[in-house]
Amino acid sequence: MGSSPRSRRSCLAVPGSNPRFLEKAQGLAVDEVFLDLEDAVAPLAKEQARKNVVAALREGDWSGKIRAVRVNDLATRWTYRDVIEVVEGAGDRLDCLILPKVQDPAQVRWLDILLTQIEKTVGLPVGRIGVEAQIEDARGLVNVDAIAASSPRLEALVFGPADFMASINMRTLVVGEQPPGYTEGDAYHYILMRILLAARTCDLQAVDGPYLKIHDVEGYRRAARRSAALGFDGKWVLHPAQVAAANEVFSPDQDAFDQAELILAAYEHATGHRLRGAVMLGDEMIDEASRKMALVVSAKGRAAGMTPTKTFEPPPE
Ligand code: GLV
Ligand code: MG
């Protein structure tokens, strides 16, 4: 799991051009909200959307959520003004910028340098605003290791299935679903795994992208379970109906969380008090590798606000 303690089980996309959605999003129980200036906003609405986003960050109540803004990608003419207007206008209310369609590490470094310039100019602490990089095409995936290592501001790599499928000519129009005719396995497995490995190598979080059939909550749950099982930290949500499923699928269940906490306590007792490297917990032998697996589950649960419901009883000496 990434070093960031911030949970990203559910990351809600909100079009920056829609004041009603910007208002409504504040009441949803998501871990992250991102106010979008990119693909959910029509070209003619981009400039007004920047103003809406600054106002929503300044005036809205986003407590308990990571506050992010997705700027336009670097092939457009909008990116630099997106960054300047949003960070000058509401940088003190912003946790993260999302850079879409990242194709090589120089693009993240560009954003890092621009952020530093603005932070110095307006007197914000340098380096506090993080970055999430979206991997959305073949070039981005081929360069994903270098992208993951490109800046200390990076907090997460995010898969963008819609753009990605278009970029590689995958034969489906249903974003997040398997292409018809592909019955051999999971068409996303390689891509997800590639992003996950790059993220973990650099201690970043890995976030799965959108599922566009917003009323098919079972379909969403199925897609979310797939990436959660691999180790992903969360998934985008586009609609209130998807929120509870994301939070549930990407949290450990209470039994797994309790067991992880017991393993950590038992292992600490064994190594600290009894100077043993392996010990029995119930009918299971636990060692340093068990501790590492338990740490992952424990960190995810704690980041999601869970508390243990069992206490460790040291065995008699
Ligand atoms: C998200 O940006 C996607 O392209 O899926
Ligand atoms: Mg995209």
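**Stop 1: the second largest pocket**

Start at the second largest pocket, which has a volume of about 170 Å³. This is a predicted model, so treat each stop as a feature of that prediction. Select Ala228, Gly231, Phe232, Val249, Phe250, Ser251, Pro252, Val296, Val297 and Lys300. Together these residues line the pocket. Now colour helix 12, residues 288-303. Helix 12 gives the most to this lining, with three residues. What classes of residue make up the lining? Seven are nonpolar, two are polar and one is charged.

**Stop 2: the two domains**

Zoom out and colour the chain by domain. Domain 1 covers 10-249, and domain 2 covers 254-303. Their C-alpha centres lie 34 Å apart. Why does the second largest pocket lie between the domains? Both domain 1 and domain 2 give residues to its lining, so the pocket lies between them. Keep the selection from the previous stop on screen while you look.

**Stop 3: the largest pocket**

Next, go to the largest pocket. Its volume is about 480 Å³. Select Ala13, Val14, Pro15, Ala40 and Leu238. Of the 27 lining residues, these five lie nearest the centre of the pocket. Now pick out the elements around them. Strand 1 (10-15), helix 1 (19-24), strand 2 (32-36) and helix 7 each give two or more residues to the lining. Which element gives the most? Strand 1 does, with four residues. Colour the lining by class: 17 residues are nonpolar, three are polar and seven are charged.

**Stop 4: the magnesium ion**

Select ligand 2, the magnesium ion. Then show the side chains of Glu136 and Asp163. These are the protein donors of the ion, through OE of Glu136 and OD of Asp163. They lie 2.0 to 2.1 Å from the magnesium. Trace the chain away from each donor. Glu136 sits in the loop between strand 5 (130-135) and helix 5 (138-142), while Asp163 sits in helix 7, so the pair ties together parts that are 27 residues apart in sequence.

Asp163 is partly exposed, at 24% relative accessibility.

**Stop 5: the largest cavity**

Hide the surface and look inside. How many cavities of 30 Å³ or more are there? The count comes to three. The largest has a volume of about 80 Å³. To find this largest cavity, select Phe159, Pro161, Gly176, Tyr188, Leu192, Asp208, Pro210, Ala223, Arg226, Ser227 and Lys235. These residues line the cavity. Helix 9, residues 217-230, gives the most to the lining, with three residues. By class, the lining holds six nonpolar, two polar and three charged residues.

**Stop 6**

Select Cys11 and Cys96. Cys11 is buried, with a relative accessible area of 0%. Cys96 is also buried, at 0% relative accessibility. Draw a distance between their sulfur atoms. A disulfide needs the two sulfur atoms within 2.5 Å. Now start from the other end: for Cys96, the closest cysteine sulfur is in Cys11, at 9.6 Å. A search of the whole structure finds zero disulfides.

**Stop 7: two loop residues with positive phi**

Finish with the backbone. Select Asn169, in the loop between helix 7 (161-168) and helix 8 (189-201). Its phi is near 65°, a positive value in a residue other than glycine. Asn169 counts as exposed, at 63% relative accessibility.

Then follow the chain through helix 8 to Asp203. Where is Asp203 placed? Asp203 is in the loop between helix 8 and strand 7 (205-208). Its phi is also positive, about 60°, although Asp203 is not a glycine. Asp203 is partly exposed, with a relative accessible area of 38%.

Conventions: Residues are numbered from 1 along each chain as its sequence is written. Chains are lettered from A and ligands numbered from 1 in the order in which they are written. This is a predicted model: local features need pLDDT of at least 70, side-chain atom pairs count only at pLDDT 80 or more; totals for chains, interfaces and linings use all residues. Side-chain values use heavy atoms; hydrogens and water are left out. Buried means under 20% relative accessible area, exposed over 50%, partly exposed in between (1.4 Å probe, protein chains only). Domain bounds come from an automatic or database domain assignment. Donors are N, O and S atoms within 2.8 Å of the metal (3.2 Å for Na, K and Ca); water is not among the atoms, so sites may look incomplete. On a 1 Å grid over the protein atoms alone, a cavity is a set of points where a 1.4 Å probe fits but cannot get out, and a pocket is an open set with protein on both sides within 12 Å along at least five of seven lines; lining residues have an atom within 4 Å of a point. Grid points are joined across faces, edges and corners, and a volume is the space filled by probe spheres set on the points. Ala, Val, Leu, Ile, Met, Phe, Trp, Tyr, Cys and Pro count as nonpolar, Asp, Glu, Lys and Arg as charged, and the others, Gly among them, as polar.
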